[in-house]
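Subject: Structure handover

Hello,

Here is the structure I said I would pass on. My notes follow below it.

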Amino acid sequence: MAMTLAGLQSDVLRISDLYAARHGIDRSGDWALLKLQEELGELTAEHLRTDGRARGAADPGALADEAADVLGMLLIYCDRAGVDLEQAMRRKWLRWLEPAA
């Protein structure tokens with residue numbers, strides 16, 4: 001089954017709502033941006049472990065999990081900020097694949 005960005009975002013938002021309700025998390029204000037930064041820090045830490053620049057054993061599974069957390073939080077942030085990520089990707093990145101006019 002193919003995954004779309006819009007479908008993934010919808011699923012991530014639903015999971016985030018369930019998680020926040022279950023754990024009593026206040027997601028007001030700049031929460032999504034701060035969580036995105038936190039997850040990027042965790043991805044950075046795993047990256048440093050993979051190439052021996054930090055303590056601890058490298059764990060490719062943990063690296064992948066942290067990358068997924070960054071993407072998930074980016075999708076949540078974009079929803080809260082009113083950013084249409086699909087449209088932005090077309091405008092900023094995918095236009096380079098279009099034939100020159």
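At the start of α3, the backbone nitrogen of G61 has a side-chain oxygen of D59 within 2.9 Å. Please keep in mind that this is a predicted model. Just after α3, G82 has a positive phi of about 75 degrees.

The length of α3 can be checked. This helix covers residues 60-81, 22 residues in total, and at 1.5 Å a residue it should span 32 Å; the C-alpha atoms at its ends are 31 Å apart, so the two values agree.

Eight positions need listing for burial in α3: A62, E66, V70, G72, M73, L75, I76 and C78. The cover over these buried residues includes α1 (5-23), α2 (31-50) and α4 (85-92).

Next, the core. The largest nonpolar core consists of 11 residues, namely V12, W31, A32, L36, L43, V70, M73, L75, I76, C78 and L85. Two or more residues of this core come from each of α2 and α3, and α3 supplies the largest share, with 5 residues.

Apart from neighbours within four places in sequence, W31 is in contact with S16, I25, D26, M73, I76 and R80. R27 lies over the face of W31, at 5.8 Å from the ring centre.

How many aromatic pairs does a search of the whole structure find? The count is 0.

Regards

Key. Residues are numbered from 1 along each chain as its sequence is written. This is a predicted model: local features need pLDDT of at least 70, side-chain atom pairs count only at pLDDT 80 or more; totals for chains, interfaces and linings use all residues. Side-chain values use heavy atoms; hydrogens and water are left out. Rings of Phe, Tyr and Trp (its six-membered ring) pair if their centres lie within 6.5 Å; planes under 30 degrees apart count as stacked, over 60 as edge-to-face and the rest as tilted. A charge sits over a ring if NZ of Lys or CZ of Arg is within 6 Å of the ring centre and within 35 degrees of the ring normal. Helices (H or I, at least four residues) and strands (E, at least two) are DSSP runs, numbered from the N terminus. The expected span of a helix is 1.5 Å times one less than its number of residues. Buried means under 20% relative accessible area, exposed over 50%, partly exposed in between (1.4 Å probe, protein chains only). Contact means heavy atoms within 4.5 Å. A polar contact is a pair of N or O atoms within 3.5 Å; within protein, one must be able to donate a hydrogen and the other to accept it, and residues adjacent in sequence count only if both atoms are side-chain atoms. A nonpolar core is a set of buried Ala, Val, Leu, Ile, Met, Phe, Trp, Tyr and Cys residues joined through side-chain atoms within 4.5 Å.
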